[in-house]
Amino acid sequence: MPDCDLVAALSRLLATLPGVVEEKTEKHVTFLVKKKVFAFTRSTGDGVALKLPQERIAALIGRQEVSPLTMGKRTMKEWILLQHDKPASYKKDLDLFNDAVTFVSAGSKSARKAKR
């Protein structure tokens, strides 16, 4: 079950971004843009996962509240786990959420490479 306070804080924060849709289940909340996932809460209640370019992730890994997203034994290449002690603290990372929306909106890996 996701943390209710975290879900409420993220819902308020991400509602300010254009085109963001929220889908809730019993175990987590997923945030989408153009029907593509850019962020989701974990069923364990430990933060929010964000999809970002690998270069951006490399620059963020030194931050205390950022870690690579591991699902099972697999470390996801384009995902981080962002964890703050207080749900209101996610507000200071609105730029990361914006970056995730932009990244996911750009399309597939092959489409992003073609744009370069």
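Two strands pair if DSSP finds at least two bridges between them. Keep that in mind for what follows. The model is predicted. Strand S5, residues 66-71, and strand S6 run antiparallel, and five bridges join them. Since the cut-off is at least two bridges, S5 and S6 count as a pair. The hairpin of S5 and S6 has two residues between the strands. Gly72 in this hairpin takes a positive phi near 70 degrees.

Now look at the other pairing of S6. Strand S4, residues 48-51, pairs with S6 over four bridges, again in the antiparallel sense. Here Val48 stands opposite Leu82 in S6.

Next, the aromatic rings. How many aromatic pairs does the structure hold? It holds one. The partners are Phe40 and Trp79, and their pair is tilted. The ring centres lie 5.2 Å apart, with 55 degrees between the planes. Phe40 lies in strand S3 (residues 36-41) and Trp79 in strand S6, so the pair ties together parts that are 39 residues apart in sequence. Both Phe40 and Trp79 are buried.

Follow the chain past S6. His84 lies in the loop between strand S6 (74-82) and helix H3 (94-105). Is His84 buried or exposed? It has a relative accessible area of 15%. Buried means under 20%, so His84 is buried. The side chain of His84 makes a polar contact with the side chain of Asp93, at 2.5 Å. Leaving aside neighbours within four places in sequence, His84 is in contact with Glu65, Ser89, Tyr90, Lys92 and Asp93.

Glu55 has its place in helix H2, residues 54-60. Its relative accessibility is 57%. Exposed means over 50%, so Glu55 counts as exposed. Glu55 and His84 are 29 residues apart in sequence. In space, they are 22 Å apart, C-alpha to C-alpha.

Methods: Residues are numbered from 1 along each chain as its sequence is written. This is a predicted model: local features need pLDDT of at least 70, side-chain atom pairs count only at pLDDT 80 or more; totals for chains, interfaces and linings use all residues. Side-chain values use heavy atoms; hydrogens and water are left out. Buried means under 20% relative accessible area, exposed over 50%, partly exposed in between (1.4 Å probe, protein chains only). A polar contact is a pair of N or O atoms within 3.5 Å; within protein, one must be able to donate a hydrogen and the other to accept it, and residues adjacent in sequence count only if both atoms are side-chain atoms. Contact means heavy atoms within 4.5 Å. Rings of Phe, Tyr and Trp (its six-membered ring) pair if their centres lie within 6.5 Å; planes under 30 degrees apart count as stacked, over 60 as edge-to-face and the rest as tilted.
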